[in-house]
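Open the model in your viewer and keep the selection tool at hand. This tour goes from stop to stop, saying what to select and what is there.

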Amino acid sequence: MTVSGEPQVNAKKVGFISLGCPKALVDSERILTQLRAEGYHIAPTYEEADTVIVNTCGFITPAVEESLSAIGEALDATGRVIVTGCLGERPETIRERHPKVAAITGSQDVEGVMSAIHELLPPDQNPFTSLIPGMSGGEVKLTPRHYSYLKIAEGCNHKCAFCIIPKLRGLQASRDAGEVLYEAFRLIASGTRELMVISQDTSAYGIDVRYRESEFQGKQVRAHLLDLAVKLGEMGAWVRMHYVYPYPHVDEIVKLMAQGKILPYLDVPLQHASPEVLRRMRRPGAGRQLDTIRRWREICPDLTIRSTFIVGFPGETEADFQLLLDFLEEARLDRVGAFPYSEVEEADATHFEGRVPEAVKEARLARFMEVAQRISAEKLQEKVGRTLEVIIDEYNDDEGDLSGTRLIGRTKGDAPGIDGQVYLYAGELAGQVKIGDIVSARIEDADEYDLFGEVTALLPWQPNVPQLGALVKH
């Protein structure tokens, strides 16, 4: 990913490639912000870069290969590459393939990255070419201005057999609630209309710090997900919860959704439904998913639930897989993703017996997605004829259209990049709807994953956070 809009002055230029999950994207934003603060410019192409930083992913084998390939491409193009991120926690893997990388740092290591940059490209000491701390435009975002990821914790305390996140990113380390809330306040003040709350285990937020209190706007706030959600909901932006494990206190979060305080959306990483497979995976909550989902939907009937699943985990039998399909039919989840099990170096499951043949994995994945796609299509058909709120992400104009005639957005039940979209005709409001606006839309049709309709009204944006006027103009 690259950041544009840099001033055209003679300065050191750094290329940047950001791979992996939204949590890594937040790390990339912090590194880029520090680069800008120290006067470095972000190069949009290899040809313009003095060096390249690659923020890597090391979660599963395909991600490792993607990261190694990106490192190789950057090395071939520039000869000077700094590697950071999750794969940076396994430097031997990187050095084996690419011994000429200039430096390797681990995840979240902004200081280590900057130290490496300083060695390769000593910073410009001219104060007129660096940013003044806190000045407008100092923070770099890799997402559109109208939505932002809000990372509330790092690391994970779970010991899932297929995962090495605790080895890569450490155990749970929660941020103080005041720090998180002030960041959210700044984001909304500068134009963010949707906050995606993320961590490895969002439900566990604050456990590691014993829910300690910190200051926000003159009051003490606990580092607890419920307290955080209440305060975020008061700011008036869309608040979307990701990576939420089904802990008992999540019921209270769902009540906030039913009250319209935060979005009625839960991203819950269930991974499987067979009690035996979940036991082998070392996942919590085996056998209780359906009861939990029913309870949540009783509390908030409009709740959208998305989840991801692994098929072909070592030891998964046809009977186990059928339990998963039966679960899908009964749970009728709104948004579903799945991938075949992939071995991860250092993960305990790599040494498990009962490996499932690749052909069987792929066949099961196809069967799984066939059921999930049918359920998705049925659930989306239920929305036809309804009027929904939609946040606009991009234009989709045909040649000859007035700008803003055709739009692409998302409902409250759709997260960017992973869920469905809404394709809209602006009608009489063509040219008036801007990226980031929230509109009312009548849904006229649906397919397996997306909705189609027409804008009926442009809704006012009224956050409870003072807006920095110069920054929120479209």
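**Stop 1: the cavities**

The largest cavity has a volume of about 40 Å³. This is a predicted model. Select Phe59, Ile60, Phe162, Ile310, Phe339, Tyr341, Ser342 and Val344, which line the largest cavity. By class, this lining has seven nonpolar residues, one polar and no charged.

How many cavities of 30 Å³ or more are there? The count comes to two.

Now go to the second largest cavity, with a volume of about 40 Å³. Select its lining: Asp27, Ile31, Asn55, Thr84, Gly85, Gln108, Asp109 and Val110. The elements that give two or more residues to this lining are α1 and β4. The lining of the second largest cavity divides into two nonpolar, four polar and two charged residues.

**Stop 2: the largest pocket**

The largest pocket holds about 1,200 Å³ of space. Select Cys21, Pro22, Lys23, Phe59 and Tyr243, which are the closest to its centre of the 45 residues that line it. Next, colour α1 (22-37), α2 (61-78), β6 (147-151), α5 (165-169) and β14; these are the elements that give two or more residues to the lining of the largest pocket. Which element gives the largest share? That is α1, with four residues. By class, the pocket lining has 28 nonpolar, eleven polar and six charged residues.

**Stop 3: two tyrosines**

Stay with Tyr243. Its place is in the loop between β12 (238-241) and α8 (250-258). Phi of Tyr243 is near 55°, a positive value in a residue that is not glycine.

Then select Tyr211, in the loop between β9 (194-198) and β10 (213-216). Phi of Tyr211 is likewise positive, near 55°, and this residue is not glycine either.

**Stop 4**

Select strand β14 (residues 304-311) and strand β15 (residues 335-340). They pair in the parallel sense over six bridges. Look for Arg306: its bridge partner in β15 is Arg335. Follow the chain from β14 through helix α11 (residues 318-331) to β15, a right-handed β-α-β crossover.

**Stop 4: helix α4**

Finish at helix α4 (residues 110-120). Which of its residues are buried? Select Gly112, Val113, Met114, Ala116 and Ile117. Then show what covers them, including β1 (13-18), α1, β3 (51-56), β4 (81-85) and β5 (103-104).

How values were computed: Residues are numbered from 1 along each chain as its sequence is written. This is a predicted model: local features need pLDDT of at least 70, side-chain atom pairs count only at pLDDT 80 or more; totals for chains, interfaces and linings use all residues. Side-chain values use heavy atoms; hydrogens and water are left out. Two strands pair if DSSP finds at least two bridges between them. A crossover is right-handed if, with the strands pointing away from the viewer, the path from the first strand over the helix to the second runs clockwise. On a 1 Å grid over the protein atoms alone, a cavity is a set of points where a 1.4 Å probe fits but cannot get out, and a pocket is an open set with protein on both sides within 12 Å along at least five of seven lines; lining residues have an atom within 4 Å of a point. Grid points are joined across faces, edges and corners, and a volume is the space filled by probe spheres set on the points. Ala, Val, Leu, Ile, Met, Phe, Trp, Tyr, Cys and Pro count as nonpolar, Asp, Glu, Lys and Arg as charged, and the others, Gly among them, as polar. Buried means under 20% relative accessible area, exposed over 50%, partly exposed in between (1.4 Å probe, protein chains only). Contact means heavy atoms within 4.5 Å.
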